[in-house]
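Morning, everyone. Let's look at the packing in this one, starting with the nonpolar cores and then turning to one helix pair.

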Amino acid sequence: GMFGSKHNDSDETTAPGIWGSWERAWDPRWALRCWSFLLFLDIMSLIYRKAGLLAYYEQSAFEAQDLVWLFFVIAIFSLMVTFVLPLFFWTLRDIGFALLPARWFGQSGLKRPDSSVGSSKVLSEALENSDTFLYDYYKERKQKWKKGNERAQEAATLMLSAFLMTLVAWGVGVSSGGLEGSVVGYIKKFHEWYPITARILGFFVFLGVLGAIKYIYSAWFYGPSINWIYHPPLRRKEDEDKEGKKRDSVL
């Protein structure tokens, strides 16, 4: 999938040197992180200097105090994206679980895949029969599901962070007296200078936002706690048991 490329893990090494950095340009997670950090720099510049990041560096040279300011901004950004924003978004997700109708979530009516059963059934079967092969199969599938779920949650957080940074950058730019010199301001200028190109790009951005909303909904609500494991014999046994109980209830 889009967020399942081989370069997704932040600690995973790629090709060395410039080529490794160039490969990162095709990593959606890396792109979202860069965009969020750029906008955060812009927001801090608008608040601290009353000028957008691009306007400031057009007018003055880089000085020693700018390095201190940059380290400060990096520290604040790291704290936000590591603790504050994930906690905020997870709280929103939990509020959604508490307030929205249960039928909206995959846990209450998701049609499970054919020939599959819940992971707990596979674990119970392995323990009951002391089946080491089945237990190893369970662990492998469980680990794969856990890793996939963690990556989906991380991707959802990155998308929401980028979207939130964009809104905040726009709001701070407007409230500080305009978008002159800000990243969002330059995007607005591009729209004014090249309206047709901007509309085409805007259409693709719109499609991207719709796709992101669908992805976030799926990651948050459509089965983050469900782990189906392919096991046809156990599924047949489970279906037979259910049919037997239905017949008994009728009789």
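Start with the largest nonpolar core. It has 29 residues, and those touching the most other members are Leu39, Phe40, Val73, Met165, Ile216 and Trp220. Keep in mind that this is a predicted model.

Which elements give two or more residues to this core? They are α2 (28-49), α4 (64-99), α6 (132-175), α7 (183-193) and α8 (195-221). Helix α6 supplies the largest share, nine residues.

Now zoom in on Val73. Leaving aside residues up to four places away in sequence, Val73 touches Phe40, Leu41 and Met44.

In general, nonpolar side chains tend to be buried together in soluble globular proteins.

Next, the helix pair. How do α5 and α6 cross? Helix α5 covers residues 119-128, its axis comes within 8 Å of the α6 axis, and the two cross at roughly 155°. Angles over 145 degrees count as roughly antiparallel, so α5 is roughly antiparallel to α6. The crossing is left-handed.

Who makes the contact? On the α5 side, Ser119, Val122, Leu123, Glu125 and Ala126. On the α6 side, Leu134, Tyr135, Tyr138 and Lys142. Sorted by class, the contact has six nonpolar residues, one polar and two charged.

One link to take away.

Key. Residues are numbered from 1 along each chain as its sequence is written. This is a predicted model: local features need pLDDT of at least 70, side-chain atom pairs count only at pLDDT 80 or more; totals for chains, interfaces and linings use all residues. Side-chain values use heavy atoms; hydrogens and water are left out. A nonpolar core is a set of buried Ala, Val, Leu, Ile, Met, Phe, Trp, Tyr and Cys residues joined through side-chain atoms within 4.5 Å. Buried means under 20% relative accessible area, exposed over 50%, partly exposed in between (1.4 Å probe, protein chains only). Helices (H or I, at least four residues) and strands (E, at least two) are DSSP runs, numbered from the N terminus. Contact means heavy atoms within 4.5 Å. Axes are lines fitted to C-alpha atoms, for helices over the stretch in contact, and angles run from 0 to 180 degrees between N-to-C directions. Angles under 35 degrees count as roughly parallel, over 145 as roughly antiparallel, 65 to 115 as roughly perpendicular and the rest as oblique. A crossing is left-handed if the near helix is turned anticlockwise from the far one by less than a right angle, and right-handed if clockwise. Ala, Val, Leu, Ile, Met, Phe, Trp, Tyr, Cys and Pro count as nonpolar, Asp, Glu, Lys and Arg as charged, and the others, Gly among them, as polar.
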